[in-house]
Amino acid sequence: MKTLKILAVLALVIAVSAFAVDKVLTKKGGDGYDIGDIATDFRLKNIDGKYVSLSHYRDAKGFIITFTCNHCPYSVAYEDRIIALDKKYKALGYPVIAINPNNPRAYPEDSFENMKIRAKEKGFTFPYLYDDGQKIYPQYGAKKTPHIYILQKTDKGNVVRYIGTIDSNYKDEKLASKKYVEDAVDALLEGREVKIKHTKAIGCSIKA
Amino acid sequence: MMCRIICMGFMLLIFFTGCKGERQVTAITATKVFESKGIEVPVYDFENFEALLHIDDDKVRVINFWATWCKPCVRELPYFELINDRYTAKNVEVILVSLDLPSQVETKLIPFLEKQRIRSRVILLDDPNANQWIPKVNEEWSGAIPATIIYKGSTGNFYERSFTYHDLEKELKKVF
């Protein structure tokens, strides 16, 4: 009988600690935009010295806003795919707009001068904007690079339709079974609802 | 008779839990082991790695997700090393989970570990389908690093942030 009591207590301890894990590990977090929010426009300097705003794109149906940078290996791994997205979807009304959110004091490799060099080396077909003063990325809630926000232009403004990563394999495009950004833009172009609206990926923290 | 059956039931449960913990430890198999300059870095996919997040013994585990290219990660690494030095005898294990690209293990990661004389256990997590595994580490994790889990048994905390030594030690003591 004594054994039974001890065992019962043990079982209770196990049950209690199993409960604790749910409580402790669930934390509320996350700021910035959610799906359905209206994204802010901006006026940011492009690598050609001209300022770019979303409102300049009168014919666009939306945008593939891509927070990216020079120094991050994950960003570099996706550069060719970002160019391919722009080439494919610019003509269809969804151009890529790349924004470097990093503070060059934290990462000298991400300076405006180095952005120009990298864009030229890779032959970027899209604007590569510098978030001077780092005012835009916190409004979007971008946490890392690369981090994609797909916006759809509506009467009310540019509505956030997708937040996340480009596809399901950063190492090898051919092994990516899911192409989240393409699927989302295709859906929007066909007037369908975006199925997968939110994805996660490892990325380099944006440095303020 | 009734008592016996109930007792058996509890014992099986406890036996199973205890056994599960041990089995999980041994069942972790590396897909590859990089070895150079006397430093070994085993590589895991998430399926194998996941068991490290749920070991049910009396050790406190400090699991830090980092990479050599991540400056804030590298900056806080000495604090994890210090925890490893000071708390190993107090039943704490530090595991540094590198998210470096496998192609850079020999060129960047191992030279870094050698130069910085890293003594904590270092493993490489190589699983490209991060959208599947990031939420399994923690629902709230955006995927940005550094990120850290401090846990013991089934109690623990997840942090998507950088640490000072003082803060890290404070959080560690919460789990003791």
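**Strands and a loop**

A: In E6(B), B:Ala144 is the bridge partner of A:Gly203. Strands here are DSSP E runs of at least two residues and helices are H or I runs of at least four, numbered from the N terminus. This is a predicted model, where local features need pLDDT of at least 70, side-chain atom pairs count only at pLDDT 80 or more, and totals for chains, interfaces and linings use all residues. Residues are numbered from 1 along each chain as its sequence is written, chains are lettered from A and ligands numbered from 1 in the order in which they are written, and side-chain values use heavy atoms, with hydrogens and water left out.

Q: How many bridges join E10 of chain A to E6(B)?
A: Two, and the strands run parallel. Pairing takes at least two DSSP bridges.

Q: What's the strand order in that open sheet?
A: E7(A)-E10(A)-E6(B), with mixed pairing. E7 of chain A and E6 of chain B are the edge strands, each pairing on one side only.

Q: OK, new topic. Which residue stands opposite B:Phe34 in E2(B)?
A: B:Val41. E1 and E2 of chain B pair in the antiparallel sense over five bridges.

Q: Now the loop. Is B:Ser120 buried or exposed?
A: B:Ser120 counts as buried because its relative accessibility is 6%; buried means under 20%, exposed over 50%, partly exposed in between (1.4 Å probe, protein chains only).

Q: Where does B:Ser120 lie?
A: In the loop between helix H4 and strand E5 of chain B. B:Ser120 touches B:Phe80 and B:Val94, among others, contact being heavy atoms within 4.5 Å.

Definitions and conventions: Lists of a residue's contacts leave out its neighbours within four places in sequence.
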